[in-house]
Amino acid sequence: METQTITQEIGEIAEKSVKSQKTEVSGSEALLDALIAEGVDTIFGYPGGAIMPIYDALFDYNDRLNHILVRHEQGGIHAGQGYARTSGKVGVVFATSGPGATNLVTGLADAQIDSTPLVCITGQVFAHLLGTDAFQETDVINITTPVTKWNYQVTDATEIPEVIAKAFYIAKSGRPGPVLIDITKNAQIQKFSYEGYIKCDHIRSYRPKPIVRPQYIKEAAELINSAKKPFIIWGQGVILGSAEQEFKAFVEKSGIPAAWTILGAGAIPTDHPLNVGMLGMHGNYGPNVLTNECDVLIAIGMRFDDRVTGRLDKYAKQAKVIHLDIDPAEIDKNVKSTVPVWGDCKETLPLLTALVDKKDHTAWHDKFDDFAQKEYDAVIHTELNPTSDELTMGEVIKQLNELTKGDAVIVTDVGQHQMVACRYAILNKTRSNITSGGLGTMGFALPAAIGAKFGAQERDVIAIIGDGGFQMTCQELGTIMQTGIDVKIIILNNRFLGMVRQWQELFNARRYSFVDIESPDFVALAAAYRIPGKCVSDRADLPGALKEMMENKGSFLLEVMVTKENNVFPMVPQGCSVAEIRLK
Amino acid sequence: MENQERQEYNITVYTENQIGLLNRIAIIFTRRKINIDSLNTSPSEIESIHRFNIVITESEDVVRKLCRQIEKQVEVLKVYYHTNEDVIWQELALYKVSTDVIAEKVSVERLLRENGARVVVLRKDYTVFETTGHREETDNLISILQPYGLIEFVRSARVAIIKDSEGFNSKIREFERLEPGEEVIENEYLNQGAKVFTM
């Protein structure tokens with residue numbers, strides 16, 4: 001009965017369209033035109049019943065829109081994230097209704113917390129079936145509300161041009177984020193008189209960036225100029241705002257040591273003399289300890305995540321805090337600021353640079369150097385130059401640096417390998433460190449690397465993944481096979497869910513509860529997808545294998561067997577202050 | 001210094017009239033396991049703009065953060081918060097009682113006068129009274145009518161208007177006039193003078 005109604009409806013709509021004039025387009029065509037108008041060239045997606053009209057229209061747009069067929073919608077959205085992160089453009093993802101849409105949820109949450117601009121299009125059942133528990137119907141709008149910057153359900157094709165324009169504007173403006181547009185099947189089919197596409201540049205209730213207040217800039221500059229031990233901590237905001245140059249100018253003029261959150265990595269090169277390293281739980285020794293010693297803390301485009309601050313009531317209590325952020329909700333959310341510099345850091349940083357004195361803070365820098373030396377002696381030297389038989393994760397990254405010279409895009413998953421890679425990878429360029437920061441999504445790296453490569457085809461993209469995380473989304477090897485995209489994959493296999501094991505070792509009396517994970521033959525798995533691979537466990541074979549991987553035309557999977565029970569240090573144990581960071 | 005004491009706050013939210021926005025606002029509270037004591041939403045004096053009045057019991061620090069999260073939503077125009085001292089607020093209550101009983105046993109005129117109530121409906125079988133006021137006032141009439149067989153009672157959410165003479169009307173009007181690209185909204189950190197939180 002229901003099927004009959006639908007068939008009838010499609011028939012009527014189709015009949016109408018035959019009679020209609022040429023200026024009429026279907027909702028699906030209007031959507032694809034809108035994407036082209038927004039400069040979209042790549043879509044990651046997976047078809048299904050409720051999005052079939054869009055895929056039917058896509059058949060005729062094949063020359064202008066490159067659709068990448070993924071193997072799972074989660075893979076699709078992570079690819080969209082990787083694409084957005086390397087290209088700086090909005091990632092576009094297609095999925096069908098019901099399970100297709102719910103499979104996007106992890107990626108949406110990841111993009112929301114990491115401020116990644118995405119526009120996701122989901123198909124939905126016919127409008128007249130909404131709320132009837134129709135086949136593959138799920139309440140996508142309500143499911144995704146907490147994990148989207150904005151979402152909207154389209155039930156009438158005439159809404160499509162305006163809604164898509166709004167979607168792109170919202171996704172990329174201000175603090176970026178994911179937007180989901182749910183389009184009912186009838187709206188995809190419906191023909192309407194199309195009057196062209198107008199980009200959105202304004203929504204009356206939405207202020208993407210707060211107005212810059214000169215008095216705060218002035219107050220901030222005064223604080224900085226009077227500071228004896230100022231310290232800059234920066235986050236992804238610098239990259240999202242394309243303010244790398246402005247940031248570099250500010251750092252270089254003020255001469256202030258600067259440390260990064262993991263999503264901020266690469267905004268200025270790793271070897272920049274004022275770059276003192278990484279913040280947070282597994283960050284560098286000096287940046288963590290000296291956070292509690294600085295007199296003025298200048299936070300730029302970062303949100304004081306608990307992995308960065310450690311115990312909040314013992315975090316930088318001695319310091320006056322200057323917080324630059326585009327999102328007013330971040331000011332005073334976790335750390336009370338002395339001077340809030342609201343605004344886009346691309347605008348605020350040059351204003352601040354103009355007012356700060358040129359200094360070099362030599363004695364203060366020496367302090368960072370002392371801590372760096374201590375950390376090198378206690379941790380880094382043995383991690384990068386182990387004398388044991390077994391390989392360490394750190395030496396793999398070190399060897400890789402020698403081949404990439406710091407020019408590659410490094411995509412990491414979540415866990416020990418992620419921390420090691422972020423700590424030791426050399427990044428010369430911005431948009432080079434693609435990882436799941438806020439949500440900590442295992443399974444992120446492989447699909448994100450595929451997207452990252454599509455977003456930066458001229459660059460080498462290397463996915464570094466643990467043996468656990470790889471098995472969460474390894475179906476995307478199929479996407480690599482089918483598209484022929486060139487992604488280098490390094491699996492750092494310690495035969496454990498390493499980070500959880502590390503915590504169990506340190507805090508749960510070595511009670512290794514369900515962290516002992518068995519893996520398939522990864523090289524054989526890659527071979528099944530016609531991707532060449534190699535497995536190494538001897539130090540002598542490592543450089544050659546990495547070279548072979550980098551020189552291989554096309555994708556390559558390199559599995560490296562590393563020490564089973566190695567720990568990532570330094571470490572700020574949960575509930576401890578950043579000054580209580582442990583070297584062992 | 002900010003008030004860290006938990007007390008009732010009246011949150012006023014001006015929004016677009018959009019499906020799903022109520023949920024988007026509600027989950028900002030539920031995500032943090034904060035109970036909404038009272039919620040009223042209705043069209044404002046300006047067409048297409050809706051006004052929410054939300055009452056919660058929290059410290060000022062929490063309330064300010066919540067307001068910023070609400071204001072961050074794309075379809076929210078403006079958010080303000082006030083303590084009970086800063087607002088004039090009322091709740092409306094309706095009481096249904098048996099006409100026979102009430103006519104026989106009570107001096108209706110006196111009851112109405114003493115409680116600032118009025119008769120909304122007078123039928124053979126029942127009478128509906130209405131009163132507006134603070135919670136204690138509407139509660140008081142319940143206890144008075146209870147002995148006479150209160151059949152049904154209902155109370156509205158709270159509506160509140162700020163004492164600050166400038167009010168919101170002129171501010172919200174600015175949104176109506178707003179041309180694309182024109183920036184008219186202040187982003188003061190905390191306007192202590194006017195005791196109004198704005199961004």
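## A strand and its two partners

In this predicted model, strand β4 of chain A, which covers residues 91-95, pairs with β5(A) in the parallel sense, and five bridges join the two. Within this part of the chain, A:Val92 is the residue that stands opposite A:Val119 in β5(A).

β5(A) also pairs with strand β7 of chain A, residues 178-184, again in the parallel sense, and here the pairing runs over seven bridges. A:Leu118 stands opposite A:Pro178, which belongs to β7(A).

## How covered is β5(A)?

Strand β5 of chain A, made up of residues 118-124, is mostly covered, since seven of its seven residues are buried. Which way do the residues of β5(A) point? A:Leu118, A:Cys120, A:Thr122 and A:Gln124 point one way from the strand, while A:Val119, A:Ile121 and A:Gly123 point the other way, and all of them are buried.

## Where chain B touches chain A

The contact between the two chains involves 23 residues of chain B and 23 residues of chain A. On the side of chain B that touches chain A, at least two residues are supplied by each of α1 (21-30), α2 (60-72) and β4 (76-83) of chain B. The element that gives the most to this side is α2(B), with four residues.

Sorted by class, the side of chain B that touches chain A holds ten nonpolar residues, together with five polar and eight charged ones.

Key:
Residues numbered from 1 in each chain as written. Chains lettered and ligands numbered in written order. Predicted model: local features only at pLDDT ≥ 70, side-chain atom pairs only at ≥ 80, totals over all residues. Contact = placed C-beta atoms within 7 Å. Nonpolar A, V, L, I, M, F, W, Y, C, P; charged D, E, K, R; others polar. Buried ≥ 20, exposed ≤ 12 C-beta atoms within 10 Å, placed from the backbone. Pairing = 2+ DSSP bridges.
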